[in-house]
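Open your viewer and keep the sequence panel beside it.

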Amino acid sequence: AHSDQPHEASVKAAGLIQAGINRVSYSESLDAIDISVKNTALVIGAGISGMKAAIDMAKSGTEVFLIEKEYLVGGRIAQKESLFPTNQSGKEIITALYQQIKRFPNITLFTGATLEKVSGSLGNFNLEIKVNHKDISPIADPKEAKLVMDQYENNEKKEIEETISLIVGAVLVASGFNHYQPKEGEFGYQTIDNVITLPELDTLMVNNPKQLVYNGKKVNSIAFIYCVGSRQTKGENKYCSRQCCSSTIHTSLQLKEKYKDIQTYHLYRDIRTYGKQELLYEQSSKQGDLYFKYEEKEAPVVEKDGKTTVVKVKDYLTAKMPLEIEADLVVLVTGMVPREDAPHIADLLKIPTGSDKFFNEIHPKLKPVETVIKGVYIGGTCQGPKNISESVQSSMSGASKIIALLKSGTVSVDPIIAR
Ligand code: SF4
């Protein structure tokens with residue numbers, strides 16, 4: 001054993017070290033490889049986040065291809081009548097962004113466009129984009145757009161389909177989210193005629209400028225049921241959707257302002273109006289909106305009693321007192337879920353998704369917009385629930401990363417080559 005022969009052990013160790021040094025003297029240094037990159041980026045998704053990111057990159061001289069699956073830009077925001085805290089309409093904000101995009105010669109917007117093939121890597125991604133050209137303005141009124149879409153479906157107009165090949169240096173995915181769609185019978189959805197979702201209420205409000213009418217009847221009372229499709233301890237969506245408490249309370253304030261005499265009841269599990277949004281909650285409580293706290297294990301039950309819809313709830317703030325609320329309309333506050341095309345995009349770009357099926361960043365705090373694929377970034381709600389400000393901030397952060405990466409025209413990559 002070495003401990004019995006210390007002198008010999010030392011000689012052996014010195015010999016091994018000398019051998020190592022001799023070997024290193026024959027090695028060649030591995031230097032990082034500089035590759036030239038195109039100062040061109042693809043942004044997937046022309047919602048508010050993707051549009052803002054595209055503008056930021058274009059301002060810095062990057063050529064941007066912005067693709068949107070739908071024919072209208074602006075995503076979910078475009079349909080919102082009023083947004084907190086400025087009370088601007090979604091259409092106003094999206095139209096302003098679209099006008100800016102049109103002024104940049106280095107942004108090309110394709111609507112009706114989907115990513116079909118990806119090869120290559122950081123600095124030189126080869127992409128194939130399928131575009132179905134239809135004669136619809138990206139900021140058209142949704143009703144007008146629907147009429148034109150019908151003409152295409154009835155073959156009165158013919159769309160032109162083409163596949164475009166692009167080479168881009170980097171990709172920003174800002175493909176957004178879907179609203180959770182309640183299952184048939186969930187809180188009476190689709191089985192009781194006056195149970196709708198929050199996005200459906202938004203549309204109803206846009207279509208009823210003077211008086212809120214549903215199924216031919218004036219609406220005097222609304223019961224909101226929170227956390228539908230989110231925070232499911234036994235279901236798939238365990239996360240909180242972050243923005244729906246604020247969105248609902250803001251809608252409640254808008255209802256009072258627009259239609260004056262509507263009573264709202266809020267059946268919530270927790271109120272998460274963090275930051276400045278807390279002001280909404282305070283304002284809502286002061287204006288007489290009524291709040292009842294329920295637990296998931298004793299969720300509200302919606303029943304039809306003759307012509308009346310009744311919501312039964314045990315209010316945890318008053319020692320689980322059973323209450324029955326008559327409501328002209330029951331609104332399910334549905335959360336966010338990943339878009340149906342998220343697995344397709346994840347597969348093409350090789351970006352991982354989490355157990356919640358949203359796209360995964362490398363590190364939530366230290367690399368919040370980077371993915372494991374160099375040159376591919378994520379921003380906005382495709383990454384997980386966010387409110388509008390957070391969503392725009394994250395896509396702008398992704399845009400900044402891409403600007404820094406592509407601006408010099410070269411990037412250094414690891415000197416590892418497959419032979
Ligand atoms: S934001 Fe509010 S309503 Fe939405 S999931 Fe979270 S707690 Fe529920």
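Where is the place of glutamine 243? Select this residue and you will find it in the loop between β13 and α6. Keep in mind throughout that you are looking at a predicted model.

**Stop 1: around glutamine 243**

Is glutamine 243 buried or exposed? Its relative accessible area is 17%, and because buried means under 20%, glutamine 243 counts as buried.

**Stop 2: asparagine 178**

Keep Met336 in view, as it is also on the contact list of asparagine 178. Asparagine 178 belongs to strand β9, residues 177–179. With a relative accessibility of 16%, asparagine 178 is buried. Again leaving out neighbours within four places in sequence, the contacts of asparagine 178 are Arg76, Gly335, Met336, Val337, Pro338, Arg339 and Glu340. For a distance label, pick the C-alpha atoms of asparagine 178 and glycine 335: they are 8.6 Å apart in space, while 157 residues separate the two in sequence.

**Stop 3**

Next, select the ligand, which sits in the largest cavity. β13 (221–228) and α6 (244–259) are the elements that give two or more residues to the shell around the ligand. Which residues surround the ligand? Display Tyr226, Cys227, Ser230, Arg231, Cys240, Ser241, Arg242, Cys244, Cys245, Asp270 and Arg272. Colour this shell by class and you get 5 nonpolar, 2 polar and 4 charged residues.

**Stop 4: backbone angles to check**

Stay with cysteine 227, one of the residues around the ligand. Cysteine 227 lies in strand β13 and is buried, at 14% relative accessibility. Look at its backbone: phi is positive, about 60°, although cysteine 227 is not a glycine. As background, most residues other than glycine have a negative phi, and most peptide bonds are trans.

Lysine 350 also has a positive phi of about 60° and is not a glycine either. To find lysine 350, go to the loop between α8 (342–349) and β21 (376–378). Its relative accessible area is 56%, so lysine 350 is exposed.

For a peptide bond worth a look, select phenylalanine 84 and proline 85, which are joined by a cis bond with omega about 0°. Proline 85 is in the loop between β3 and α3.

**Stop 5: helix α2**

Finish at α2, residues 48–59. Does the span of this helix agree or disagree with its number of residues? At 1.5 Å a residue, its 12 residues should span 16 Å, and the C-alpha atoms at its ends are 17 Å apart, which agrees.

How many of the residues of α2 are buried? The count is 10 of the 12, so the helix is largely enclosed by the rest of the structure. Select the buried ones: Ile48, Ser49, Gly50, Met51, Ala53, Ala54, Ile55, Asp56, Met57 and Ala58. Then show what they pack against, namely the strands β2 (40–44), β3 (63–68), β4 (107–111) and β8 (170–173), together with the helices α3 (90–103) and α9 (388–406).

Note on methods: Residues numbered from 1 in each chain as written. Predicted model: local features only at pLDDT ≥ 70, side-chain atom pairs only at ≥ 80, totals over all residues. Heavy atoms only, no water. Helix = DSSP H or I, 4+ residues; strand = E, 2+ residues; numbered from the N terminus. Expected span 1.5 Å × (residues − 1). Buried < 20%, exposed > 50% of the residue type's maximum accessible area, 1.4 Å probe, protein only. Contact = heavy atoms within 4.5 Å. Near = heavy atom within 4 Å. 1 Å grid on protein atoms, 1.4 Å probe; cavity = no way out; pocket = protein on both sides within 12 Å on 5 of 7 lines; lining within 4 Å. Sits in = over half its atoms within 2 Å of the grid points. Nonpolar A, V, L, I, M, F, W, Y, C, P; charged D, E, K, R; others polar.
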